Amino acid sequence: MSPLSRPRRLSAGLAATALALTALGATAASAVPAPLAAAAEAGPLMNYVVNTKPSPGHIRKVENAVKAAGGTVLVSYRQLGVVVAQSTNPDFKTALKSGRDGREVQSVGATRTAAVTDGTAAAAAPAAAGAASERAIVGAPVADPRENEQWDLTQIKADQAHAITDGSRSVLVGINDSGVDDTHPDLAPNFDAKNSVSCVNNGVPDTTAGAWRQTTSSHGTHVAGTVAAARNGVGIVGVAPGVRIASVKVVNDAGYIYPEYAICGFVWSAEHHMDVTNHSYFIDPYMFWCKDNGDQGAVQEAVRRAVAYSTGRGVLAVAASGNSNYDLANKTVDNSSPNDSTAVPRTIDNNCLDMPTELPHVITVASTDKGGAKSSFSNFGLNKIDVAAPGRSILSTVPGGGYQTMSGTSMASPHVAGVAALMKSAHPWWGPLQLEAALRKQADDTACPTTPDARCTGTTANNAFFGEGNVDALDAVKRGY
């Protein structure tokens with residue numbers, strides 16, 4: 001995913017934001033916070049997640065504690081027991097817990113290591129910023145693409161599945177990404193503006209018309225095309241060309257996906273009755289969030305709650321495994337975090353999670369190439385990878401009505417999201433747990449390479465490179481499990 005550069009306007013969509021908060025079951029001190037007002041305070045402007053018990057009474061007390069500690073409540077998620085707060089108090093975490101209502105705080109953690117710039121003129125992002133492990137590798141643009149150029153659809157048998165169904169209009173897929181060009185002729189027929197949103201202003205939902213669109217990144221538009229480019233005689237065809245898509249913008253204009261953005265996206269998707277969501281990113285600024293670290297542990301818990309809530313509301317989440325050729329089952333070191341300030345090499349273990357892909361009931365997708373081998377960049381790991389899908393040199397839509405090839409696990413994940421959408425179309429009574437089980441069961445077993453590779457542990461039925469195997473669109477629409 002290419003870093004984004006255009007800053008957002010803090011004042012955009014005040015009324016729409018207030019309505020969106022109501023729809024989310026969330027509350028805020030004001031429709032849009034004013035971080036600039038605290039510029040003269042002693043410390044840097046920072047955002048925090050505060051975890052408490054999921055009840056209105058506990059949330060209310062934590063909101064009071066935030067204010068008493070010199071903070072502002074940005075968004076409160078009663079259903080999660082999570083408050084997103086902002087403060088310039090350098091001792092905010094200590095002050096929060098020491099106040100009268102501090103006993104209601106289960107955990108609190110900063111969501112980033114650099115000062116908040118949401119709604120201000122952001123500095124240029126560092127080269128490594130924003131979804132680095134899921135960043136797409138851009139290939140040569142294609143001037144006049146055709147469906148017969150989509151070898152990836154043939155590999156997962158989507159072309160055969162389309163003879164049975166292109167998917168149902170009742171199925172809605174959320175593209176949680178950098179924004180989608182809803183004017184693209186291959187996306188416009190399937191785009192659902194009513195259920196689209198931007199979450200990149202401190203995690204406060206913004207439904208202003210067009211707020212969900214991309215700025216400088218083509219990543220989300222490319223992902224959207226793989227999921228559901230329309231069968232309309234123009235350009236390409238998506239894996240599920242008959243379903244609807246909505247844009248849930250969670251990547252800011254500097255290319256970062258901070259926790260409050262991702263939490264907003266998961267809750268929005270749940271509250272707006274999406275069936276499947278695609279997440280071709282990892283949550284910044286840490287490639288791995290460690291449970292035993294104060295800040296990181298609190299954030300890990302807050303995001304876990306958001307994902308669990310979304311799953312409980314009927315949404316299946318599909319995510320990219322990452323592009324670092326890293327063994328997720330045997331974590332040892334992380335040299336790239338935090339990526340919004342100065343990376344500090346650190347020793348890690350398996351309690352440190354790549355989020356959201358390693359959270360419970362999120363489908364983790366590895367990437368394959370045209371020959372069916374593991375893509376050289378794809379992360380792997382026994383009992384970490386659920387399924388595999390094509391992710392190298394994938395032709396799809398880009399803003400402005402164009403088409404381009406890109407590579408990455410970011411490109412593999414939407415193939416699986418599309419297959420899940422076809423599956424939901426064929427079996428509308430299935431919930432996310434049934435879809436998850438069926439995706440694994442119906443995947444085509446794929447053996448480790450014939451040339452021995454010690455990293456590919458496991459069996460043909462389930463191994464570190466391909467998980468349960470390559471996703472199968474034809475089986476998804478033909479039979480159950």
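**Close-up views of a predicted model**

The second largest pocket has a volume of about 210 Å³. This is a predicted model, in which local features need pLDDT of at least 70 and side-chain atom pairs count only at pLDDT 80 or more, while totals for chains, interfaces and linings use all residues. Residues are numbered from 1 along each chain as its sequence is written, and side-chain values use heavy atoms, with hydrogens and water left out.

**View 1. A look into the second largest pocket.** Of the 18 residues lining this pocket, Met46, Tyr48, Lys93, Ala110 and Asp295 are the closest to its centre. Strand E2 (46–51), helix H3 (92–98) and helix H8 (294–312) each bring at least two residues to the lining. H3 gives the largest share, three residues. Helices (H or I, at least four residues) and strands (E, at least two) are DSSP runs, numbered from the N terminus. A pocket here is an open set of points on a 1 Å grid over the protein atoms alone, where a 1.4 Å probe fits, with protein on both sides within 12 Å along at least five of seven lines; lining residues have an atom within 4 Å of a point. For the volume, grid points are joined across faces, edges and corners, and the space filled by probe spheres set on the points is taken.

**View 2. Serine 247 and its neighbours.** You'll find serine 247 in strand E10 (residues 244–249). Serine 247 is buried, with a relative accessible area of 0%; buried means under 20%, exposed over 50%, and partly exposed in between (1.4 Å probe, protein chains only). Leaving aside residues up to four places away in sequence, serine 247 touches Ile175, Gly179, Val180, Phe191, Ser196, Val197 and Trp212, where a contact means heavy atoms within 4.5 Å. Its side chain reaches the backbone nitrogen of valine 180 at 3.4 Å. Alanine 193 sits 54 residues away along the chain from serine 247, yet their C-alpha atoms are separated by 7.7 Å.

**View 3. The disulfide between cysteine 199 and cysteine 264.** The sulfurs are 2.1 Å apart; a disulfide is a pair of cysteine sulfur atoms within 2.5 Å. Cysteine 199 lies in strand E8 (residues 197–201) and cysteine 264 in helix H7 (residues 259–271), so the pair ties together parts 65 residues apart in sequence. The link is left-handed, with -65 degrees about the S-S bond. Both cysteine 199 and cysteine 264 are buried.

**View 4. Helix H7 from end to end.** H7 has 13 residues and reaches 18 Å from its first C-alpha to its last, close to the 18 Å expected, which is 1.5 Å times one less than its number of residues. Since 13 of the 13 residues of H7 are buried, the helix is largely enclosed by the rest of the structure. Histidine 273 follows H7, and its phi is positive, near 60 degrees.

**View 5. Two further disulfides, cysteine 290 to cysteine 352 and cysteine 448 to cysteine 456.** Cysteine 290 and cysteine 352 have their sulfurs 2.0 Å apart. The pair links strand E12 (residues 289–290) with strand E16 (residues 352–353), 62 residues apart. Cysteine 448 and cysteine 456 form a left-handed link, with -80 degrees about the S-S bond. Cysteine 448 is partly exposed, at 24% relative accessible area, whereas cysteine 456 is buried, at 10%.

Methods
A polar contact is a pair of N or O atoms within 3.5 Å; within protein, one must be able to donate a hydrogen and the other to accept it, and residues adjacent in sequence count only if both atoms are side-chain atoms.
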